Amino acid sequence: MKRNNSIDVMRGLVMIIMALDHVRDLLHTTSLTQSPTDLTTTTPALFFTRWVTYLCAPTFVFLSGVSAFLSMNIRNDLAATRRFLLTRGIWLIVLEFSVVNFGMWFDPHFDFLIAEVIAAIGVGFLILSILLTLPPRTIGLIGGMIVVLHGLIALIPVPENGLVKGLIALFAPMAFPYATGKLFLVAYPPVPWLGIMLLGYGAGHYFASAEKQQRPIFLKIGLLSLGVFTFLRAANLYGDPVNWSAQKNLLYTCLSFVNVTKYPPSLQFCLLFLGIMFLILSGVQGLKNNWTAIVSVYGKTPLFYFLVHWYLIHPLVFVMVFRQGFKSSDLVFGSNFGRPKTGSGVELWAIYAIWVFIVLLMYPLCRWYGTYKERHKEQTWLRYI
């Protein structure tokens, strides 16, 4: 079966965008003190710098489900696919709490552990491996039900105790002290993200269809998703815990309208950003030019890109703080990324310049690794990175 180039392009695009958010998180002047989507303190430029990166996680998780379907379709071997999903799921969870968390915090004591998108995908693969005996449409239906209904959990009054808190963490972000001075944060609760992955698996047959059929299908799905989002959002009916409201001017009112909830991903969040994803997929389907060739280099090595880019961005934190006159005794690790409590950071224009530098630096690395991976298919471990 021929490789679906639109998946590589879409995945490459979101990997490029993702780096912008991580550069902003680690280096921007206000990233430690203010939310870029807080309409009382943000600017339109800062808001959209964060908002555009909302496309990344749902796209990455959805396409992970699609890729699992395509792998199953090619192999036609339930046992082998299940074994791969199990081992890859466990591997991703291990990577999250070792390589990724250290790259994010540079804290050898791991005082602050966070479960984000890599762990969510890992858990999703584990559960998907169990569900493989079900028809893909049934798996997709289960995913759709999760996406639509998981927001109801927040409406159920429950007493807060250890067991209940652990169960809630499956659906909503939750923090757990796990030792003296240590904190474990579930930022990406597994169930809502599982719903997106299962939707991707259920939609996998569209990606296996003929190229000329994919473009109109993706366009229709994208427009339908955005239409349903617009209806639900305009009416403030259901699908997001925070309603939009009139702001100080029209621009900020528009920002409020699209300011949907990512933690956990609300129904409206999924409709908006998966809708945008499908529109982009319809646009790049069958498109082959220099731009798609460059972007797909990143898309063919997404996990390699994800792991390495942290170790390119984070050292720049120390370059920045020492150039700004701080000393090693001023550095605060854990949730501060090693930055001082106050006073450090660069302006937004510099964030964009550093982002471009990181993306350009990653290109030859991804190209080298992608070529190496293609030439050494006999080395099965390469399938895990």
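## Surface and charge

Accessible areas are computed by the Shrake-Rupley method with a 1.4 Å probe, and for residues only the protein chains shown count as cover. On that basis the accessible surface of the protein chain is about 17,600 Å², with 68% of it belonging to carbon and sulfur atoms.

This is a predicted model, in which local features need pLDDT of at least 70 and side-chain atom pairs count only at pLDDT 80 or more, while totals for chains, interfaces and linings use all residues. Residues are numbered from 1 along each chain as its sequence is written, and side-chain values use heavy atoms, with hydrogens and water left out.

## Overall fold

The protein chain contains 15 helices and 3 strands (DSSP runs, H or I of at least four residues for helices and E of at least two for strands, numbered from the N terminus). Its radius of gyration, taken over C-alpha atoms, is 21 Å, close to the 21 Å given by the globule rule for 385 residues, so the chain is as compact as a globular protein of that length. The rule is 2.2 Å times the number of residues to the power 0.38.

Of the 385 residues, 50% count as buried, meaning under 20% relative accessible area with a 1.4 Å probe, protein chains only.

## Strand pairing

Two strands pair if DSSP finds at least two bridges between them. Strand S3 (residues 182-186) pairs with S1 (residues 112-115) in the parallel sense over 4 bridges, and Ile114 stands opposite Leu185 in S3.

S3 also pairs with S2 (residues 174-179), in the antiparallel sense over 5 bridges; here Met174 stands opposite Val186. S2 and S3 form a hairpin with 2 residues between them, and Gly181 in the turn has a positive phi of about 75 degrees.
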